[in-house]
Amino acid sequence: KTQHSSTSRMADTVRDFSNYEVNQENIAPARRGRKADALTRIITDTPQRVAREALEAERAVFERRVRTPTDNPRDTLVAWKDYVCWFRNYNPSNIEDLKQLLEKATNSLLAFPSLFQDFDLLILWTDYTDLCLEPQEVFSFLNQKEVGTNHALFYEKWARHQEAALKYKDAKKTYELGVNRRAEPVDQMTRWKRDFSKRMTALIESRKTTHQDPLP
């Protein structure tokens, strides 16, 4: 029993030392040696570096997918959609890089007019506008290019940005535009316009009660 216990401890020591040897290969030598805590941090960081390298490898795969020529433009749209989804999962707090990726995706997909009324493309654009300082300019551009204009969500998102900027008259016109164009789903478009009217009525009454100026 004693001999077995001793052998087991020796095996554990060998395994620990082997792990140390593997990690040691990535540790640059220091002229005056390294403190134990610093050496521990470097070894502990090795799995993190491996994880980062794995993520970079996955990202490279997505980069190749979105650049691969295809006879079906929707394959490219799906590739960008998957890329953005992957990025959100692994970089949820990196808003600036997400914005750049969405800008890259949406601008790239402008090369395919056949996709302009694809709902998935509209989602990419609305996600991008949510991160923009001037989202209304983007929606004006999309309206001019007729990107996503068949969908009720286009007018809801546009009007919501106008409402947030206190441009209530513009928001009203946007909702009316969506209803007049019979953006789909039609019942949802009508409901969103009705909800906006209720919000405006409540806001007007509130401003009257507090003796504020009329809505701009």
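Student: In which helix do Y83 and W86 both lie, and how many residues apart are they?
Tutor: Y83 and W86 both belong to helix α3, where they are 3 residues apart, or about one turn of the helix. A helix here is a DSSP run of H or I with at least four residues, numbered from the N terminus. An α-helix has 3.6 residues a turn, so residues three or four places apart point the same way. This is a predicted model, in which local features need pLDDT of at least 70 and side-chain atom pairs count only at pLDDT 80 or more, while totals for chains, interfaces and linings use all residues. Residues are numbered from 1 along each chain as its sequence is written, and side-chain values use heavy atoms, with hydrogens and water left out.

Student: How many aromatic pairs does the structure hold, and why is the pair of Y83 and W86 called tilted?
Tutor: The structure holds 12 aromatic pairs. The ring centres of Y83 and W86 are 6.3 Å apart with their planes at 45°, so the pair is tilted: rings of Phe, Tyr and Trp (its six-membered ring) pair if their centres lie within 6.5 Å, and planes under 30 degrees apart count as stacked, over 60 as edge-to-face and the rest as tilted.

Student: What makes F139 and W158 a stacked pair?
Tutor: F139 and W158 are 6.0 Å apart, centre to centre, with 10° between the planes, and an angle under 30 degrees counts as stacked. F139 lies in helix α6 and W158 in helix α7, so the pair ties together parts that are 19 residues apart in sequence.

Student: How do you know whether F139 and W158 are buried or exposed?
Tutor: Buried means under 20% relative accessible area, exposed over 50%, and partly exposed in between (1.4 Å probe, protein chains only). F139, at 0% relative accessibility, counts as buried, and W158 is buried with a relative accessible area of 8%.

Student: Why is helix α5 described as largely enclosed by the rest of the structure?
Tutor: Of the 11 residues of α5 (residues 119-129), 8 are buried, so this helix is largely enclosed. The buried residues include L121 and W125, and what covers the buried residues of α5 includes α3, α4, α6 and α7.

Student: Which residues does L121 contact, leaving aside its neighbours within four places in sequence?
Tutor: With those neighbours left aside, L121 is in contact (heavy atoms within 4.5 Å) with L77, L109, L115, F116 and V147.

Definitions and conventions
Helix = DSSP H or I, 4+ residues; strand = E, 2+ residues; numbered from the N terminus.
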